[in-house]
Amino acid sequence: MPSWKFPFRKGTLDPQYESELRFHIEKLTEENIAAGMTREEARRRAMLEFGGAEQIKEELRDVQRIPILETTLKNFRWALRFIRKSPSFSIVVILTLALGIGANSAVFSAIDAILLRPLPYPEGDRLMELRQVNLKIQKPQTRLAPVRLEDWNRMNSTFQAITGYYTEDDSETSGSLPEKLKVAYVAPRFLQVFGVAPALGREFSPAEEEFGGPNAILISDSFWRRRFGGDPSAVGKHLRIHSSSWSIVGVMPASFAFPDRDTEIWLPVPANAPYTQHREWGWYIAIGRLRPRVTKEQARANLETVQAQLGRQFPETDADLTPGVVPLKETTVSGVRSSLWMLFGAVSLLLLITCTNIVALLLARGAQRQHEISVRLSLGASRLMVVCQLLTESFVLALTGALVGLVVAGAASNVFRGLAKDLPRVEEIHLDGRIVLYTLVCSVLATLLCGLFPAIRGTGGALSRALAQASRTQVSARTSLQWFLVGVQVALAVTLLGGAGLLLRSFQALGRVSPGFDPQNVLTFHITGSYGETVDFKKLGARITRTLEELRALPGVESAATSIFLPGVPNAYQNELTVSEGAADPNRKIVAETRVVSPSYFATMKIPILAGELCREDGNSSSVMVNRSFANTYFPGTAIIGRHLQEPGNPLFPGGEIGGITGDAREEGLNREPGPTVYWCVSGPEPDPYYLVRTSMDPRAMAGALRRKIKEIEPARSVFDIIPLEEHLNNAFGENRLRTILLTFFAVTAVSLACIGLYGTLSYSVTVRRREVGLRLALGALQGQIVKQFLLKGLAVTFLGCLAGWGLAAAFARALSGMLYGVSPSDAATLLSVVLLMMLVATFAALIPSLRAAHVDPMQVLRQE
Amino acid sequence: MPIEKSDLLQGTLDMLILKIVTLGPIHGYGISQRLRQISKEVLLVQQGSLYPALHRLEKRGWLAAEWGESENGRQAKFYKLSAKGKQQLRKEESNWNRLAGAVASILQTAQ
């Protein structure tokens, strides 16, 4: 049969064939010479008699070849037959693998989409986020002034182009009700830097990026579908923002979600407008596209030179600044990296447990097939051939498992996307060719992990032993190996369970902290405001104060306040302060968390005032509040009320008298101890602060009444993001929750698998020892003794696994330490309860086969003999 | 009349080779000479059949082979019987004897 053949060691063997055959010909020649022929004649006759040496060599090569294709097909046919013949075994293996591989592929698809792939723009790896950095101030990284952005763009030689953006929530007022829109204000060259064109319509024209040019905007795909029903004639229509009319020139593709997926409008900011010429006003987060083959370091060095030049030119504003260059992808995804890799590690451990489980199953299976294998070997099959055939079986099982696993992964991916709404790039998670390929690689690895060892062991020395011995005498050695595997599974399961336990404890600890404020029954929302209002802070303050008063008058509202930040949602904003009267310790810098709130904030959040009185906000002078931690840290034992605080370099807060001391509240995040904090009492520090309203009933029920009230007093503004504070707090720790849920799920799966492994191995052990058990029962052993014997065996192995798992869990916990809160990575109570839980579950798993052993009918066993 | 390989029963050549090799390490040429001499020139094995058979038996582990010096000092490949080969030969011999006995008795009865 013609077949594709693999020339096995051809090169090394050919010279040997050659000399072996030549020897034969020479002997024939000698024989002929001895018979009286001439040397010439003798050689000619010898060659003739010998026949075609080349042909013989070819045949010798054939002997060494393995007809791969033919054998493989045959192996696959056998494997399929084997699977058909033992459906329950195959289904168990396939489903276990499907779970292991599917979970792994699902997490990998998230890692691939979020961490591994470049950003979804052409050559997205060349996009860099640029900041201006001033190391002399507390928060060194600041936004870039538009005019400086233009300087950088003009003077550098390493970027193709530099652009920038900032976002704002604005009201669109062309409809019957104002609609809140998220607007990205973009510097010139925005689309050029991203290398993306509108899906419909066109880019901004140069005139539209000039001051005084026509008003033009681009809209997002989702806004286009929502507002215009996906009608192409939307291009050319007008929207009303900031009381002027803007013409829609294009619709961006659905895949374009920058700065984020909520952005609905892109609006160009002219570089030559009078209000963009101030060097000290930071507006933009800048994005630059590197020229080809330019590294980040070269770009940074180049921008440093540019900035140094600007520093000489504008010493007042530019001398202290240096550029910061970070890959855009890095700033997008760096926050979730450790969580994702942790989950991938966990899910890989799960796959390892799955494979271990299957190794045990295959070993048990191999014992039953001992006879078949030895017959094959004795009929002349080489060990390699039998190993190949067994591996093919594992591979077919693994491949089927992987295919089912892909379905599992698809479902799991959807769940993941649902759980992880807040992760960056989560909308990019798809099952595609790469994931399929990864899954296939997984199945090959699983084949080798699961199949190789049982195959080699199953065929080792089988010929001599298996035919000579009855299979039952070999069982003990085999089960000791299986017990080892059970121990490994238990150890890995305990590792995962330990990690999950620590995360759960952290989660609990976070829920139990007393935050120092009362988040219940507080509704938060925004009312659109525009930065144009900051030209007159008095007017802005009056507008917001009036809104707060109106809100307070609503029935059901206990109090209303504004704040720049939400309490308890992680957000650090530290500033250095000075005290006019001199600090208690002149050498000590006063650094405090800064909050800007309306005076009503403390009543609304139920933060107690411990000393002094509530701050006032009466136009010209403003007073400040400090928390207890501030007073105790910087002014221990001295009177602090009445002193004056200044924040140098902040024109908004010219300084204020300390009016009172408040209780400590976890302003910077529920997971952080309260530090020294200063509250500036300004109701309208920016056009769009958070509004916080304490309600006497369920805060959600108030949303409608609030909306109607705002519409009544501010018809041109829209209310948005109406969310109870507690929900904000939950979302703030969403990543925390995601990894806790997933790791717990993996751990529970791992424990189930380990228990299945324990159950299976114990059942197998009971089956092969039926004779012995039957005999012992017949000779008067008590059922209780039999149960105890098997149960103890199972529990002893589990216990050893737990001990090993404790060590592994300690190592895993160290990797988790950055994600823990309120619990130490080596928390003995957690690990101990994990071990106890494992032992408890294992007892149940072991009890069933142990009880079955005790119910062996001695008569039946003896009759079988 | 000499019998060529194609007329030999399938597998018979293997058995004959194994048998010849029991006498001690021997090279391919030696095996073909022995076969001819012992069968009194009846069995003429073509080299084209002999060498593939030798290599096949070696691959199955029935023959062990090593390079050594021949009578006249040249390098030759010597074959000898392995433990597995001995077992195989015993099996094939007994099979053959049973078969030959059966055939003989049929031929006698038919006379």
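Mentor: In helix 2 of chain B, the buried residues are B:G28, B:Y29, B:G30, B:I31, B:S32 and B:L35. A residue is called buried if 20 or more other C-beta atoms lie within 10 Å of its own, exposed if 12 or fewer do, and partly exposed in between, with C-beta atoms placed from the backbone. Helices (H or I, at least four residues) and strands (E, at least two) are DSSP runs, numbered from the N terminus. The model is a predicted one: local features need pLDDT of at least 70 and side-chain atom pairs count only at pLDDT 80 or more, whereas totals for chains, interfaces and linings use all residues. Residues are numbered from 1 along each chain as its sequence is written, and chains are lettered from A and ligands numbered from 1 in the order in which they are written. Just after helix 2 of chain B, B:K40 adopts a positive phi of about 55 degrees.

Three strands of chain B form an open antiparallel sheet in the order 2-5-4. Strand 2 (26–27) and strand 4 (63–69) of chain B stand at its edges with a single partner strand each, so one side of each has no neighbour in the sheet. Two strands are said to pair if DSSP finds at least two bridges between them. Strand 2 of chain B pairs antiparallel with strand 5 (residues 75–81) of chain B over two bridges, and B:H27 has B:F78 in strand 5 as its bridge partner. Helix 1 (residues 12–21) of chain B lies across strand 2, strand 4 and strand 5, at about 100 degrees to strand 5. For such angles, axes are lines fitted to C-alpha atoms, for helices over the stretch in contact, and the angles run from 0 to 180 degrees between N-to-C directions.

The C-alpha trace of chain A spans about 130 × 85 × 60 Å along its principal axes, and 40% of the 865 residues of chain A count as buried.

Chain A is assigned domain 1 (10–65), domain 2 (69–123 + 335–469), domain 3 (137–319), domain 4 (471–513 + 733–865) and domain 5 (529–717), with bounds from an automatic or database domain assignment. The C-alpha centres of domain 2 and domain 4 of chain A lie 23 Å apart. Between these domains of chain A, 30 residues of domain 2 are in contact with 36 residues of domain 4. On the domain 2 side, helix 5 (87–116) and helix 12 (337–368) of chain A each supply at least two residues. Helix 12 of chain A gives the most to that side, with 19 residues. The domain 2 side of this contact in chain A divides into 21 nonpolar, eight polar and one charged.

Finally, two strands of chain A deserve mention. Strand 20 (residues 656–662) of chain A has five of its seven residues buried, so it is largely enclosed by the rest of the structure. It pairs antiparallel with strand 16 (residues 609–612) of chain A over three bridges, where A:A611 has A:I661 as its bridge partner. Strand 1 (residues 127–134) of chain A runs antiparallel to strand 11 (residues 321–327) of chain A, joined by seven bridges, and A:L130 has A:V325 in strand 11 as its bridge partner.

Notes: Contact = placed C-beta atoms within 7 Å. Nonpolar A, V, L, I, M, F, W, Y, C, P; charged D, E, K, R; others polar.
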